[in-house]
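Me: I have a model open and would like to go through it slowly. Could you help me read it?

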Amino acid sequence: MFQLYNSLTRRKEPFAPADGETVTMYTCGPTVYDYAHVGNMRSFLLYDLLHRVLKHEGWKVAHVWNVTDVDDKIIGAALERGVSVQEQAAPFEQAFFEDLATLNIDVSEVQFPRATECIPDMVRLVERLIERGHAYEKDGSVYFDISSFKGYGKLSGVEAQSGARRREFGRLDQDTYDKDDVQDFALWKARKEGEPGWESPWGLGRPGWHIECSAMTLKLLGETIDLHAGGVDLLFPHHENEIAQSEAATGKPFVRFWVHGEHLLVEGQKMSKSLGNFYTIRDLLEQGYSPPAIRLALMGAHYRRQLNFTQEGLRRAEQTLRGVRDFVHRVRQTTSKVPDERLAEAVAEAREKFEAALDDDLNIPGATAQVFELQKAADIALAQGRVTRAQAEEVEGTLEEFDRVLGLQLVPAVEILDEDVERLIEERQAARAERDFARADAIRDELAAQGIVLEDTPAGVRWRRGE
Ligand code: AMP
Ligand code: ZN
């Protein structure tokens, strides 16, 4: 049975979509004011692994992942550089999608709405909150009245302070604040000098950050969704405020399961530019690490534990993956006719433990360990010359299945053998002699697809393996 830790109930619970078929899932995306760092990527990888595992469990997944393309940070960066907010955000949005592709994060079934495309939805939601008595306008800005919502604090455990105390502190305009500041927060912000603004019933302005996720969820997924994920830093105030906004507007529970990923540390410390341990995926590629190794290194701890990301860990991941690929080559070359009984058992056991690990609150390190268990068992059998072709295929097939969840490119494509290349070249020569140029070209293309480059020389056709 698939179980997930739910931050709302603070325990592990059996998870299934409410309708038994499609998981409605919302994940808090990037603020595209700069390149994403490896910490952000750890959270994005968690979203990918959740998505893959939910599919693996047999459900469909309706997944919305927002892109914040207007907020305090983007406006600040744009003002500093003297460019428009759009000019500031667009290249980093593109970089975000490139980084997802690098890490083999499967976005084929994900919807990525931008904040600036959903402003009318946010305005309507703010109007609804005013109508229902949960929000009030002041000087062209609109604030959520947290004393009007009984459930405030149910996710994070913070307590809404008394009205008098809150008035003393005033209300908050900035998007992020800490737990000592439990305050009314901005849903809509009056435009300030030099900032972009959108028309609204309260004059020109722009949305607060929290309202974006509520508006997109309600619009694209519904009033009660199955799962909402983000990094732990978002639990308060962001997710607490999302619950308040959404439930005050609809009167229904907003999210059934809240999933929070722990932070990533680099070389044992919080990432910071001044410490020189602030990495983007691009930095790591420049240092020569391969994408699957970066992905594996980011998967090195359970998602609810801090992960210490180190150069040493990256080197180890690189070695481990090389080991698995070499192993696959070895398995492919087996010619034995005698099956190994213990290997059959080992395959079954690895599969079982793989499933059990995924079911146990998405234990990805536990599931990944089964790759190495399988490798160990098969290597012992290979050393004794007891792996048949059928067993080799079963081992390879099992690894491929595991990799549909893990996404580590564990099983390299089968390489075309030299003798097959030579046979195809002869066939191509024969086709040419018969003036069947279409066939000759088709063979050239087929070889090119396998990375084989042909050169016609006076001495005949030469070939080599290209890039
Ligand atoms: P941001 O672009 O800052 O809104 O963050 C995007 C995602 O990255 C959010 O889910 C954050 O919780 C997450 N995040 C930020 N810093 C880290 C970190 N050091 N480790 C893991 N996740 C992080
Ligand atoms: Zn969010």
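**Around the ligand**

Reply: A nitrogen atom of ligand 1 is 2.9 Å from a polar backbone atom of Leu264, a polar contact being a pair of N or O atoms within 3.5 Å. This is a predicted model, in which local features need pLDDT of at least 70 and side-chain atom pairs count only at pLDDT 80 or more, while totals for chains, interfaces and linings use all residues. Residues are numbered from 1 along each chain as its sequence is written, chains are lettered from A and ligands numbered from 1 in the order in which they are written, and side-chain values use heavy atoms, with hydrogens and water left out.

Me: Which atom of ligand 1 does the side chain of Ser43 approach?

Reply: A nitrogen atom of ligand 1 lies 2.8 Å from a polar side-chain atom of Ser43, whereas a polar side-chain atom of Tyr47 lies 3.0 Å from an oxygen atom of the ligand.

Me: And how many residues are around ligand 1?

Reply: There are 18 around ligand 1, and Gly39, Asn40, Ser43, Asp233 and Leu264 come nearest; a residue counts if one of its heavy atoms lies within 4 Å.

Me: Which helix gives the most to that shell?

Reply: Helix 1 gives the most, with five residues, and both helix 1 (38-56) and strand 10 (225-231) supply at least two. Helices (H or I, at least four residues) and strands (E, at least two) are DSSP runs, numbered from the N terminus.

Me: New topic: which peptide bond is cis?

Reply: The bond from Phe236 to Pro237 is cis, with omega near 0°, and Pro237 is found in helix 7, residues 235-250. Most residues other than glycine have a negative phi, and most peptide bonds are trans.

Me: What about the phi of Glu267?

Reply: Glu267 is not a glycine, yet has a positive phi of about 50°, and Glu267 is found in the loop between strand 12 (264-266) and helix 8 (281-286).

Methods. A polar contact is a pair of N or O atoms within 3.5 Å; within protein, one must be able to donate a hydrogen and the other to accept it, and residues adjacent in sequence count only if both atoms are side-chain atoms.
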